[in-house]
Amino acid sequence: MKLPSDLQRIMVVGGSGAGKSTFAAALARRLRLPVIHMDALFWRPGWIMAPEAEFLQSVRIEADRERWVMDGNYSRTWPDRLTRADAVIFLDMPTWLRCWRVLGRYWQNRGRTRPDLGAGCPEKLDLDFLFNWVLRYRWRGRPKALNLMTADGPAATLHRVRLRSPRAVQRFLAEVAQPQDSQ
């Protein structure tokens, strides 16, 4: 499904390892929109969680901008983001693929901070994250995201796109206008 070209605020959700940050950055480049990574708002140096009130305020400030592609789940922030969003894209990747990507991401970035994370948060992998956020997403987070995609869900008035494979993601991005080279 192709998005209308006039969209200005797009939420990207999906489980850990689904490719949200990579997809959001690519989509933002193509649409010439700023990208906002929720993890960068949430994590402080040393993997310290932002105080909840501060995090929620940061999300509201970012969501109030006129234009954005915002990746990340943090479902407690969905009401604030959905009131501003034009579209929601759900990257609904299989669990085995997300696990593989999380392991690969760790191996590729170990000891370094990815651009989609807060400064001072070098890549790490622990069993709690792997089991509670990657493997259990199918039963904990995915039902909430699927509800966003329903005709009577919280995003019912928005453009909704559900992409279920890397090939579907590639096809979708190929349909989105490529950025023009600056002269």
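This is a predicted model: local features need pLDDT of at least 70, side-chain atom pairs count only at pLDDT 80 or more; totals for chains, interfaces and linings use all residues.
Q: Which strands does helix α1 lie across, and at what angle does it run to β1?
A: Helix α1 (residues 20-31) lies across β1, β2, β5, β6 and β7. Its direction is about 160° from that of β1. The angle compares N-to-C directions on a scale from 0 to 180 degrees.

Q: What is the strand order in the open sheet, and is the pairing parallel or antiparallel?
A: The five strands come in the order β2-β5-β1-β6-β7, and the pairing is parallel. Why are β2 and β7 said to stand at the edges? Each of them has a single partner strand, so one side of β2 and one side of β7 (159-163) has no neighbour in the sheet. From one strand to the next, the twist averages 15°.

Q: What makes β6 and β7 a pair?
A: Two strands pair if there are at least two bridges between them. Strand β6 (residues 87-91) is joined to β7 by five bridges, with the two running parallel, so by that rule they count as a pair. You can pick out some of the partners yourself: A87 is bridged to H159 in β7, and L91 is bridged to L163.

Q: How do you know that β1 and β6 pair too?
A: Try the rule again: at least two bridges are needed, and β1 and β6 have five, in the parallel sense.

Q: Why is β6 called mostly covered?
A: Five of its five residues are buried, and buried means under 20% relative accessible area. Both faces are covered as well: A87, I89 and L91 are buried on one side, while V88 and F90 are buried on the other.

Q: How do you know that the buried residues of α9 share a side?
A: In α9, the buried residues are A168, V169, F172 and L173. They cover an arc of only 130° around the axis, and that puts them on the same side of α9. An α-helix has 3.6 residues a turn, so residues three or four places apart point the same way.

Q: What covers that buried side, and what sits on the face turned away from it?
A: The cover includes α1, β6 and β7. Helix α9 (residues 166-175) lies across β6 and β7, running at about 135° to β7. On the face turned away you'll find R167, Q170, R171 and A174, which are exposed.

Q: What makes the length of α3 agree with what a helix should span?
A: Helix α3 has twelve residues (52-63), and at 1.5 Å a residue they should span 16 Å. The C-alpha atoms at its ends are 16 Å apart, so the two agree.

Q: Which residues of α3 are buried, and what covers them?
A: The buried ones are F55, L56, V59, E62 and A63. Their arc around the axis is only 125°, which places them on the same side of α3. Their cover includes β1 (9-14), β2 (35-37), α2 (38-42), β5 (68-71) and α4 (78-82).

Q: Why is Y74 called buried, while R32 is called partly exposed?
A: Buried is under 20% and exposed is over 50%, with partly exposed in between. Y74 has 15% relative accessibility, so it counts as buried. R32 has 45%, so it counts as partly exposed. R32 is in the loop between α1 and β2, and Y74 is in the loop between β5 and α4.

Q: What is phi in R32 and in Y74?
A: R32 has a phi near 55°, and Y74 has a phi near 45°. Each is a positive value in a residue other than glycine.

Q: Why is P143 called partly exposed?
A: P143, in helix α8 (residues 142-148), has 43% relative accessibility, so it counts as partly exposed. Leaving out residues up to four places away in sequence, P143 touches Y137 and R138.

Q: Where does W47 lie, and what does its side chain reach?
A: W47 is in the loop between β3 (43-44) and β4 (48-49). Its side chain reaches the backbone oxygen of P122 at 2.8 Å. That's inside the 3.5 Å limit for a polar contact. Setting aside neighbours within four places in sequence, W47 is in contact with L117, G120, C121, P122 and K124.

Notes
Residues are numbered from 1 along each chain as its sequence is written. Side-chain values use heavy atoms; hydrogens and water are left out. Helices (H or I, at least four residues) and strands (E, at least two) are DSSP runs, numbered from the N terminus. The expected span of a helix is 1.5 Å times one less than its number of residues. Buried means under 20% relative accessible area, exposed over 50%, partly exposed in between (1.4 Å probe, protein chains only). The arc is that of the directions from the helix axis to the C-beta atoms. Contact means heavy atoms within 4.5 Å. A polar contact is a pair of N or O atoms within 3.5 Å; within protein, one must be able to donate a hydrogen and the other to accept it, and residues adjacent in sequence count only if both atoms are side-chain atoms.
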